[in-house]
Amino acid sequence: MSDFEHVFDRPPEGAAADWTIPQNWSAYTEVEHQTWDTLYRRQMTILPGRASDGFMKGLEALDLNTGGIPDFEVMNPKLQALTGWTVVCVPGLVPDEVFFDHLANRRFPSGQFIRKPDQLDYLQEPDIFHDVFGHVPMLTDPDFAAYMEAYGEGGQRAAGLGMLQNLARLYWYTVEFGLVEDPGGLRIYGAGIVSSATESVFALEDPSPNRLGFDLERVMRTLYRIDDFQQVYFVVPSIEELKRDTLQDFGPIYARLKGASDIPIDAVLPSDRVFTRGTQAYAAKGGRFAA
Ligand code: HBI
Ligand code: FE
């Protein structure tokens, strides 16, 4: 991650001890506001019928389409009234323990910067569009709100037990890249998907990836990739069930995981509930780096 621009060893100049910085909303340029509007409008042509009911409802409740990058002083009171969550600004990726402490206190850390106009389609670092458009709508759902708080508390504990790698996989395959079975069919709710025009389509419609039923221990053993579309997506029956599955004591699970092997990214196991057995053609051809 050392090639990331927005990553620091300690709070940079101007940041508080908890790594937060002011949003400084009035300093965003016209081009930066236009970048938000472009990305927002593009997702709104793609997400209806693909994003989960919960995400679409949250997006509407937050009213993030008032023109340009949302002002947190306007957005936060709406979010706080719904679930007690607020969004704070950070300079970029923050250390794990700082990240978990914010989540455990129902504060979601968002990047302050927005991508450059030549990075509309892809960047690895979380910017304010990914963090706010992608993550914040689901935080208006009371079950998801409770899950994320518990994740922050669990992160602090997992770090102490040396199990962070396993817990990070849970975050990846739910919060970032999760699918849910809505009454209308399979839908996306993961922030990494809903904030990406191309992955919003790929995750649901491409024949390449596996789509498998969510199983907590299975997910915690599964490798993932950070540089391209996922090769497997996990489907939860509902966000309420995700919350129930994860509000248990992970102690016994961690004890079992210590002796368990990692599961390859493209594996389909006999015990998996298979929604789609993918062809893996996209990854086999070299993914985003294909000639
Ligand atoms: N910092 N700002 C920010 N956003 C993240 O998503 C984030 C982070 N620091 C650490 C982290 N995520 C992950 O390492 C944990 O989910 C394990
Ligand atoms: Fe994210």
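How do helix 1 and helix 5 lie to each other: roughly parallel or oblique? They are oblique, going by the rule that angles under 35 degrees are roughly parallel, over 145 roughly antiparallel, 65 to 115 roughly perpendicular and the rest oblique.

This is a predicted model, so to read it: local features need pLDDT of at least 70, side-chain atom pairs count only at pLDDT 80 or more, and totals for chains, interfaces and linings use all residues. Residues are numbered from 1 along each chain as written, and side-chain values use heavy atoms, without hydrogens and water.

Here are the two helix pairs. Helices (H or I, at least four residues) and strands (E, at least two) are DSSP runs numbered from the N terminus. Axes are lines fitted to C-alpha atoms, for helices over the stretch in contact, with angles from 0 to 180 degrees between N-to-C directions.

| Pair | Angle | Axis distance |
|---|---|---|
| Helix 1 (30-46) and helix 5 (128-135) | roughly 40 degrees | within 11 Å |
| Helix 6 (142-161) and helix 11 (239-246) | about 30 degrees | 8 Å |

Helix 6 is thus roughly parallel to helix 11. Helix 6 passes helix 11 in a left-handed crossing, while helix 1 passes helix 5 in a right-handed one; left-handed is when the near helix is turned anticlockwise from the far one by less than a right angle, right-handed when clockwise.

On the helix 1 side, Trp36, Leu39, Tyr40 and Gln43 meet Ile128, Phe129, Val132 and Phe133 of helix 5, contact being heavy atoms within 4.5 Å. That set splits into seven nonpolar, one polar and no charged, where Ala, Val, Leu, Ile, Met, Phe, Trp, Tyr, Cys and Pro count as nonpolar, Asp, Glu, Lys and Arg as charged, and the others, Gly among them, as polar.

Leu120 sits in the loop between strand 2 (107-111) and helix 5. Leaving out residues up to four places away in sequence, Leu120 touches Thr35, Thr38, Leu39, Arg42 and Arg115.

For the other pair, Asp143, Phe144, Ala146 and Tyr147 of helix 6 meet Ile239, Glu240, Leu242, Lys243 and Thr246 of helix 11. Those residues come out as five nonpolar, one polar and three charged.

Ile239 also turns up at the second largest pocket: among its 19 lining residues, the closest to the centre are Asp53, Gly54, Lys57, Asp141 and Ile239. Helix 2 gives the largest share of the lining, five residues.

How values were computed
Chains lettered and ligands numbered in written order. 1 Å grid on protein atoms, 1.4 Å probe; cavity = no way out; pocket = protein on both sides within 12 Å on 5 of 7 lines; lining within 4 Å.
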